[in-house]
Amino acid sequence: MPCSHSDAKKMKTLLKLCATVCLISALCFSSAFTRFGKPGKPPQSADVSIVINPRTNTLTLYQNNVPIKKYPIALGKPETPTPIGDFKVINKYKNWGSGFGTRWMGLNVPWGIYGIHGTNRPGSIGSDASHGCVRMFNRHVEELYNRVKIGTKVTILGHVLGEPRQLPRRLLRGHTGGDVMLIQNRLRGAGFYHGPCNGKFGYSTEHAVKAFERANSLPADGIVSFREYVLLGLIE
């Protein structure tokens, strides 16, 4: 039987509704495809972190707490040690300056300028040869640079007084480091130091060391050596 005018109108309305539903479905699929990429391939995580081990002179790159790449590195000499602790990347530069290789990633170390960078002395990799920075082969630092972003966590393992079986370094005015900050904290706790614990051995720290030495019947030379470490309870 031929359709009535009313039936034709209902059919036309139904077809319009189906077309609208199909259009919405297509748009949703397109949005999902754009956001997530090809089906079956989830977006890559940006949860990247770095752990540096001074005992093995290696830098390990982690993603989602899983190690994905390990690199050989050079670290600071005993007299100019690499900072120990948890830091983060605060700046990134290409070809930052002579001696820093092709890439630089600066760290938020409170007592100085330290970073992970390339080198024009590739023979130093694997040893303790820098002024405190972390050196890498240029090809390695370029690879790392592309994976690291501002704010990436960098953990440098170890003890602020040095590696096992190594005497702590002799400290005097002009030195900087975590060991200086530790001395400042101990002197403050003993009532001899009233300045900031910033890891910078300046005049106020030297004055506090001399006062501590006089109080303990030591020559007041303002230099922290083995005897001061012992009296401050830092070594036995």
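I count helices (H or I, at least four residues) and strands (E, at least two) as DSSP runs, numbered from the N terminus. Residues are numbered from 1 along each chain as its sequence is written. The model is predicted, so local features need pLDDT of at least 70 and side-chain atom pairs count only at pLDDT 80 or more, while totals for chains, interfaces and linings use all residues; side-chain values use heavy atoms, with hydrogens and water left out.

I started at Ser 49, which lies in strand 1. Is Ser 49 buried or exposed? Ser 49 counts as buried, at 17% relative accessibility. For this I take buried as under 20% relative accessible area, exposed as over 50% and partly exposed as in between (1.4 Å probe, protein chains only).

Next I listed contacts, meaning heavy atoms within 4.5 Å. Not counting residues up to four places away in sequence, Ser 49 touches Thr 60, Leu 61, Tyr 62, Thr 152 and Lys 153.

Lys 153 is partly exposed, with a relative accessible area of 46%. Leaving aside neighbours within four places in sequence, I found Lys 153 in contact with Val 48, Ser 49, Ile 50, Asp 86, Phe 87 and Lys 88. I also checked Lys 153 against Asp 47: they are 106 residues apart in sequence and 9.6 Å apart in space, C-alpha to C-alpha.

**Entry: helix 2**

Which residues of helix 2 (residues 138-147) are buried? I get His 140, Val 141, Leu 144 and Tyr 145. Seen down the axis of helix 2, these residues fall within an arc of 135 degrees, so they line one face of the helix. The arc is that of the directions from the helix axis to the C-beta atoms. On the other side of helix 2, I found Arg 139 and Asn 146 exposed.

I then looked up what the buried residues of helix 2 pack against. The partners are strand 1 (48-53), strand 2 (58-63), strand 3 (66-72), strand 5, strand 6 and strand 7 (114-117).

**Entry: salt bridges**

How many salt bridges does the structure hold? There are 5, a salt bridge being a side-chain nitrogen of Lys or Arg within 4 Å of a carboxyl oxygen of Asp or Glu.

I looked at Arg 169 and Asp 179, whose side chains meet in a salt bridge (2.6 Å, N to O). This pair links distant parts of the chain. Arg 169 sits in the loop between strand 10 (153-156) and helix 3 (178-189), and Asp 179 in helix 3, 10 residues apart. Both Arg 169 and Asp 179 are buried.

Glu 206 forms a salt bridge with Arg 173, the closest N and O atoms being 3.2 Å apart. Glu 206 lies in helix 4 (residues 203-215) and Arg 173 in the loop between strand 10 and helix 3, so this pair ties together parts 33 residues apart in sequence. Glu 206 is buried, at a relative accessible area of 14%. Arg 173 is partly exposed, at 38%.

Arg 227 and Asp 221 also meet through their side chains in a salt bridge (3.4 Å, N to O). I note a network here: salt bridges that share partners join Asp 221, Arg 227 and Glu 228. Arg 227 is partly exposed, with a relative accessible area of 33%. Asp 221 is partly exposed, with a relative accessible area of 33%.

**Entry: surface patch**

I found a nonpolar surface patch formed by Tyr 93, Trp 96 and Ile 113, with about 330 Å² of accessible area together. Patches are made of residues with over 30% relative accessible area and no salt bridge; like charges are joined within 9 Å, nonpolar side chains (Val, Leu, Ile, Met, Phe, Trp, Tyr) within 5 Å. Areas come from the Shrake-Rupley method with a 1.4 Å probe; for residues, only the protein chains shown count as cover.

Where does Trp 96 lie? I place Trp 96 in the loop between strand 5 (85-94) and strand 6 (103-107). Trp 96 is partly exposed, with a relative accessible area of 36%.

**Entry: whole chain**

I count 5 helices and 10 strands in the protein chain. Buried residues make up 36% of its 236 residues. The chain exposes about 14,100 Å², and carbon and sulfur atoms supply 58% of that.

Last, I checked pLDDT, the predictor's confidence in each residue, from 0 to 100. The mean for the chain is 85, and 81% of its residues reach 70 or more.
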